[in-house]
Amino acid sequence: MEPLFMEPVFQEKIWGGNSLHSEFGFDLPSEKIGEDWAISAHPHGVSRVQNGPFKGQKLDQLWRDHQELFGKQEGDVFPLLVKILDAADDLSVQVHPDDNYALKHEGEFGKTECWYIIDAKPGAQIIYGHTAKTREELAQMIEAGRWDDLLHKVTVKKGDFFYVPSGTIHGIGKGIMILETQQSSDTTYRVYDYDRKDDQGNRRELHIGQSEDVTTVPARENTLNISENKQGSSSVITYLQTEFFNVYEWQVHGFLKLKKQAPYTLATVTEGYGKLIVEDKTFELTMGTSFILPNDVESWELQGEATLIASEPGENV
């Protein structure tokens with residue numbers, strides 16, 4: 001009955017920066033780190049356990065060999081991936097396929113995701129949706145490069161939350177740090193990349209045909225039904241309950257007591273510090289700490305002043 005603390009996996013990106021060091025204190029391998037794969041069993045970046053009897057083991061290995069930790073869930077692949085993204089520059093405008101398309105064409109699951117805005121510089125924006133009413137209009141606007149007409153921009157601030165189901169055209173703007181909860185997939189179709197060039201002077205590959213195939217047209221309204229459950233000065237905010245994942249914010253001001261609602265729970269500290277108490281064991285929490293509460297942890301307590309984003313598998317995972 002012990003949480004599994006996960007070792008971060010850093011990904012260098014053309015749009016990355018150094019904020020994962022300056023804000024979270026991570027020791028980064030370069031000045032262009034765009035992503036911390038905080039909890040991941042995806043082959044492009046697998047997390048290792050930092051503590052306890054499973055110390056040093058990879059998450060994909062645990063999923064295969066120790067299903068008791070996860071409530072004996074079905075499926076060959078650990079279904080969730082949690083990232084922290086540092087957008088020192090604009091990310092490409094992109095879209096992700098659903099499971100059917102991705103399994104057929106890419107050999108892995110599709111990618112539905114959601115974003116919690118950890119921080120954002122004043123005026124920072126995301127691209128979230130599009131204006132095309134038909135597939136023909138979408139193709140015409142992409143072909144003509146009418147990006148200002150096509151792309152819907154939203155100004156964001158710290159604490160905002162966005163649901164980004166597969167088929168949603170989106171892009172994270174410069175000056176934004178995000179906690180992303182997503183399906184375990186690394187399939188991305190680039191629609192537009194601002195005509196940027198990589199270190200070799202080459203423009204990055206675009207995936208126009210695939211993007212037009214998988215984009216939801218017209219764009220759908222992704223209305224959130226957010227609720228809050230107060231516990232003294234602390235609270236649990238429920239952002240999403242979907243077939244893929246349920247996502248919560250744990251606001252800890254003093255203490256917060258929680259009980260298991262799913263076979264396992266994932267959590268990352270996005271702000272502050274504190275303690276996690278499981279049975280009679282106490283674990284220190286700092287910004288950027290990520291952990292999994294396995295199936296045999298029935299209840300736990302958080303103490304301190306902290307914000308955590310937590311997730312658990314959805315009903316159909």
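Strand β17 (residues 265-278) and strand β19 (residues 290-293) run antiparallel, joined by 4 bridges. Two strands count as paired if DSSP finds at least two bridges between them. Strands are DSSP runs of E with at least two residues, helices are runs of H or I with at least four, and both are numbered from the N terminus. Leucine 266 has isoleucine 292 as its bridge partner in β19.

This is a predicted model; local features need pLDDT of at least 70, side-chain atom pairs count only at pLDDT 80 or more, and totals for chains, interfaces and linings use all residues. Residues are numbered from 1 along each chain as its sequence is written, and side-chain values use heavy atoms, with hydrogens and water left out.

Strand β18 (residues 281-285) pairs with β17 over 5 bridges, in the antiparallel sense. Isoleucine 277 meets threonine 282 as its bridge partner in β18. β17 is mostly covered: 10 of its 14 residues are buried. Buried means under 20% relative accessible area, exposed over 50%, and partly exposed in between (1.4 Å probe, protein chains only).

Now take the turn. β17 and β18 form a hairpin with 2 residues between them. Glutamate 279 sits in this turn with a positive phi of about 55 degrees. Most residues other than glycine have a negative phi, and most peptide bonds are trans. Glutamate 279 counts as exposed because its relative accessibility is 56%.

Two other backbone features lie in loops. Aspartate 195 also has a positive phi, near 55 degrees, and is placed in the loop between β13 (189-192) and α6. The peptide bond from valine 217 to proline 218 is cis, with omega near -10 degrees. Proline 218 is in the loop between α6 (208-214) and β14 (227-231).

Salt bridges come next. The whole structure holds 12 of them, each a side-chain nitrogen of Lys or Arg within 4 Å of a carboxyl oxygen of Asp or Glu. Lysine 281 bonds this way to glutamate 2, with the closest N and O atoms 2.9 Å apart. This pair links distant parts of the chain: lysine 281 is in β18, glutamate 2 in the segment before β1 (4-7), 279 residues apart. Lysine 83 and glutamate 35 form another, at 3.7 Å. Lysine 83 lies in strand β5 (residues 80-87) and glutamate 35 in strand β3 (residues 33-39), so the pair ties together parts 48 residues apart in sequence. Both residues, lysine 83 and glutamate 35, are buried.
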